[in-house]
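Read it with the sequence and the 3D view open.

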Amino acid sequence: MKNIITFGTFDVFHVGHLNILRRAKSFGDRLIVGVSSDALNLKKKGRYPIYAEQDRLSIIQGIRYVDSVFLEESLELKEDYIKRYSADVLVMGDDWQGKFDYLSPLIDIVYLERTPSVSTTSVIEVIKNV
């Protein structure tokens with residue numbers, strides 16, 4: 001059995017999120033998703049997510065491609081999460097290209113191209129301007 005792991009905030013869920021989860025699942029048997037905590041999102045992006053972490057966890061758990069979810073508390077714990085969930089492949093969007101290459105002795109790493117013209121930030125901007 002091959003375990004795939006990916007991470008994200010998954011705020012204001014959109015088709016780009018669905019695409020990366022679907023494509024990530026194609027690399028193995030089980031897809032494990034780390035959902036960034038509210039505090040981690042504030043640290044990464046300088047703002048809290050629109051949806052609270054428990055709601056985002058529920059949304060991701062409800063996606064048919066996802067087998068397991070957990071709350072990601074820190075970017076510095078990636079190696080611990082990989083070991084805890086016995087992950088074989090790390091899948092991330094290409095906006096993270098190269099940032100996790102240091103983990104390559106531990107895990108296969110795949111950076112997937114993002115869905116063009118879709119991002120949570122752009123969705124939020126559209127909503128604010130309506």
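Glu-79 and Lys-83 form a salt bridge, with their closest N and O atoms 3.0 Å apart. A salt bridge here is a side-chain nitrogen of Lys or Arg within 4 Å of a carboxyl oxygen of Asp or Glu. The model is predicted, so local features need pLDDT of at least 70 and side-chain atom pairs count only at pLDDT 80 or more, while totals for chains, interfaces and linings use all residues. Residues are numbered from 1 along each chain as its sequence is written, and side-chain values use heavy atoms, with hydrogens and water left out.

**Salt bridges**

- Glu-79 and Lys-83 are four residues apart in helix α4, which means that about one helical turn separates them.
- Glu-79 is partly exposed at 35% relative accessibility, and Lys-83 is partly exposed at 48%. Buried means under 20% relative accessible area, exposed means over 50%, and partly exposed is in between (1.4 Å probe, protein chains only).
- The structure holds seven salt bridges.
- Another of them joins the side chains of Asp-67 and Lys-25, at 2.6 Å from N to O. This pair links distant parts of the chain, 42 residues apart: Asp-67 is in the loop between α3 and β3, and Lys-25 is in helix α1.
- Asp-67 is partly exposed at 32% relative accessibility, whereas Lys-25 counts as buried at 19%.
- Arg-56 forms a salt bridge with Asp-38, and their closest N and O atoms are 2.7 Å apart. Arg-56 lies in helix α3 and Asp-38 in helix α2 (residues 38–45), so this pair ties together parts that are 18 residues apart in sequence.
- Arg-56 and Asp-38 are both buried.

**Aromatic rings**

- A pair of aromatic rings is described by the distance of the centres and the angle of the planes. Rings of Phe, Tyr and Trp (its six-membered ring) pair if their centres lie within 6.5 Å; planes under 30 degrees apart count as stacked, over 60 as edge-to-face and the rest as tilted.
- By this rule there are five aromatic pairs.
- Phe-7 and Tyr-81 form a tilted pair, because their ring centres are 5.9 Å apart and their planes meet at 45°. Phe-7 is in strand β1 (residues 3–8) and Tyr-81 in helix α4 (residues 78–84), so the pair ties together parts that are 74 residues apart in sequence.
- Phe-7 is buried at 7% relative accessibility, and Tyr-81 is buried at 2%.
- The pair of Phe-70 and Tyr-81 is also tilted, with ring centres 4.9 Å apart and planes at 45°. Phe-70 is in strand β3 (residues 68–72) and Tyr-81 in helix α4, so this pair ties together parts that are 11 residues apart in sequence.
- Phe-70 is buried, with a relative accessible area of 7%.
- Ring pairs link Phe-7, Phe-70, Tyr-81 and Tyr-85 into a cluster.
- Lys-78 lies over the face of Phe-7, at 3.9 Å from the ring centre. A charge sits over a ring if NZ of Lys or CZ of Arg is within 6 Å of the ring centre and within 35 degrees of the ring normal.

**Nonpolar cores**

- The largest nonpolar core has 16 residues, and those with the most contacts inside it are Leu-21, Leu-31, Val-33, Ile-60 and Val-66. A nonpolar core is a set of buried Ala, Val, Leu, Ile, Met, Phe, Trp, Tyr and Cys residues joined through side-chain atoms within 4.5 Å.
- At least two residues of this core come from each of α1 (15–25), β2 (30–36), α3 (53–61) and β4 (89–93).
- Ile-60 touches Phe-10, Phe-13, Leu-21, Val-33, Val-35, Val-66 and Val-69, not counting residues up to four places away in sequence. Contact means heavy atoms within 4.5 Å.

**Overall fold**

- The protein chain has five helices and five strands. Helices (H or I, at least four residues) and strands (E, at least two) are DSSP runs, numbered from the N terminus.
- From the N terminus on, the order of elements is β-α-β-α-α-β-α-β-β-α.
- Of the 130 residues in the protein chain, 43% are buried.
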